[in-house]
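Visitor: I have a chain open here and would like to talk it through. Can we start with a loop and work inwards?

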Amino acid sequence: MKKELTRQQYLDLYYFMRLNRAVEDTMVKLFRQNKIVGGLYSSLGQEAISVGTAYALEKKDWLAPMIRNIGALLVKGVPPSDVFMQHMAKYDSPTKGKDGTSHFGDLEKLHIVSPISMLGDLIPVMTGVAMAGRYLGQKIVTMTWIGDGGSSTGVFHEGLNFAATQKAPFVLILENNLWAYSTPVKRQVPLENLADRAKAYGISSYIIDGNDVVEVYATAREAVARARAGEGPILIEAKTFRRLGHAQHDPAEYVPKEMRAYWEARDPIALYEKFLMGEKLLDANGKKEVEQKIDTLLAAEREFAENSPMPPAEFAETGVYCTGDDCHKIRPKWERPIAEVTPPKSSVKAVWTVAGFGSGKSSGGTNAPIHFGDTTNTLRTPASDGDAPVKTSGRKPVKKAVKAAVASSATRKLKR
Ligand SMILES: Cc1ncc(C[n+]2csc(CCOP(=O)(O)OP(=O)(O)O)c2C)c(N)n1
Ligand SMILES: [Mg+2]
């Protein structure tokens with residue numbers, strides 16, 4: 001770790017790494033209380049990468065996180081309550097409960113592009129954002145992250161080639177944490193350094209110790225400055241280790257014990273604390289203050305998140321199709337009348353039909369299109385189309401069937 005930052009920068013990096021870890025520790029508790037909806041991914045031991053790289057960006061710059069980049073979101077200004085609520089599918093969450101993990105963004109204030117699951121797809125997307133900024137004369141830099149596994153996707157290569165050809169002001173952080181699910185990096189890439197892939201696209205790259213936050217930040221800062229100056233995209237490979245399984249469900253028993261022990265002894269927060277104490281930038285009191293500040297903040301943020309309601313059921317049917325202002329402020333440029341390209345007008349008449357389909361009734365008596373077996377009807381399949389109609393068994397309507405079942409179970413109980 002070199003000495004080249006201001007005291008405030010050193011302390012900010014420490015605060016955000018501790019906050020990143022504390023936010024994720026809180027989510028593990030929420031997960032065990034069954035309050036998290038969906039998967040929970042951990043960046044334990046990788047905090048220096050998310051924090052150090054995002055800290056190198058300016059306010060006007062743009063980023064798009066992957067699942068292990070909660071730290072980058074916190075640095076960019078996302079409140080922890082948003083992260084909690086997003087994972088708990090709460091109505092006040094950025095996606096109002098419609099998506100989970102780090103799958104949310106903020107195009108207006110924080111300049112965060114919402115990720116999707118497809119690994120690598122953010123590379124061409126963030127290249128596009130970088131190019132748009134250039135057209136608009138904004139001098140912005142864009143950043144996203146990719147794993148060792150994700151760096152083997154086609155879109156990683158297509159995207160990086162595209163970014164290089166366009167000389168896009170874009171910085172790509174390759175988090176080589178040695179595992180992609182249960183596949184060790186050596187079994188999927190015949191290279192010692194994944195940064196070598198940059199050579200194929202004629203762009204600059206760095207290889208850094210991802211557990212040394214000062215090195216991460218100093219390198220990212222240089223890369224961001226170079227990209228902003230017009231040098232084109234830059235790839236940074238940060239060597240690290242995924243300390244937990246792919247997600248909460250995975251005990252990662254396939255990881256050799258010695259490998260785990262090696263990396264656990266290189267915890268980025270413990271290493272940094274030692275450095276800060278040695279440089280007299282932090283002492284026991286300072287450490288306590290940071291801990292108390294984070295504890296107080298997270299207690300309030302967690303309470304807010306837990307008190308937020310779940311979305312109302314009817315909300316599920318909204319936002320499926322973009323409806324302009326009701327959906328978001330960025331308007332689609334419709335070349336044809338909206339009514340013409342959205343249902344019901346956009347639906348085409350089926351070339352073959354199943355008689356009775358769509359006319360079934362739910363047990364509540366409402367329309368239940370898929371319960372076509374609930375009505376006495378005839379069935380025609382593509383194979384039998386044109387042949388004589390096939391008679392279905394014509395089961396009892398659900399309501400009657402349920403009544404009969406309830407009656408028979410009551411009789412059984414009485415007999416006992
Ligand atoms: C294109 C694509 N293929 C497969 C997946 C399924 N998938 C999700 S995470 C993951 C492993 C990713 O490993 P890596 O890129 O090393 O990231 P890490 O989990 O180690 O952070 C896979 C295969 C996906 N989301 N997208
Ligand atoms: Mg990996």
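Guide: Fine. This is a predicted model. Leaving aside residues up to four places away in sequence, Ala247 touches Gly39, Leu40 and Tyr41.

Visitor: Where does Ala247 lie?

Guide: Ala247 is in the loop that runs between strand 7 (234-239) and helix 8 (257-264).

Visitor: Why does Ala247 count as partly exposed?

Guide: Ala247 has 15 C-beta neighbours inside 10 Å. A residue needs 20 or more to be buried and 12 or fewer to be exposed, so Ala247 is partly exposed.

Visitor: And how far is Ala247 from Tyr181?

Guide: Their C-alpha atoms are separated by 8.8 Å, while along the chain Ala247 and Tyr181 are 66 residues apart.

Visitor: Back up to the whole chain. How many helices and strands are there?

Guide: The chain has 12 helices and nine strands. Of its 416 residues, 34% are buried. Among contacts with a separation of 6 or more, 70% are between residues 24 or more positions apart.

Visitor: Now strand 3. How many of its residues are buried?

Guide: Seven of seven. Phe170, Leu172, Leu174 and Asn176 are buried on one side, and Val171, Ile173 and Glu175 are buried on the other.

Visitor: Why two sides?

Guide: Side chains in a regular strand alternate between the two faces of the sheet. In strand 3, both faces are covered.

Visitor: Which strands does strand 3 pair with?

Guide: Strand 2 pairs with strand 3 in the parallel sense, over six bridges, and there Thr142 stands opposite Phe170. Strand 7 also runs parallel to strand 3, joined by six bridges, with Ile173 opposite Ile236.

Visitor: What do strand 2, helix 6 and strand 3 make?

Guide: Together they make a right-handed β-α-β unit.

Visitor: Switching to helix 5. Which of its residues are buried?

Guide: Leu122, Ile123, Met126, Thr127, Val129, Ala130 and Gly133. Seen down the helix axis, these buried residues fall within an arc of 160 degrees, so they line one face of helix 5.

Visitor: What covers the buried residues of helix 5?

Guide: The cover includes strand 1 (62-64), strand 2 (142-147), helix 6 (154-166) and strand 3 (170-176).

Visitor: What span should helix 5 have?

Guide: Helix 5 has 14 residues, 122-135, and at 1.5 Å a residue it should span 20 Å. The C-alpha atoms at its ends are 20 Å apart, which agrees.

Visitor: And just after helix 5, which residue takes a positive phi?

Guide: Gly137, with a phi of about 70 degrees.

Notes:
Residues are numbered from 1 along each chain as its sequence is written. Chains are lettered from A and ligands numbered from 1 in the order in which they are written. This is a predicted model: local features need pLDDT of at least 70, side-chain atom pairs count only at pLDDT 80 or more; totals for chains, interfaces and linings use all residues. Helices (H or I, at least four residues) and strands (E, at least two) are DSSP runs, numbered from the N terminus. The expected span of a helix is 1.5 Å times one less than its number of residues. The arc is that of the directions from the helix axis to the C-beta atoms. Two residues are in contact if their C-beta atoms, placed from the backbone, lie within 7 Å. Two strands pair if DSSP finds at least two bridges between them. A crossover is right-handed if, with the strands pointing away from the viewer, the path from the first strand over the helix to the second runs clockwise.
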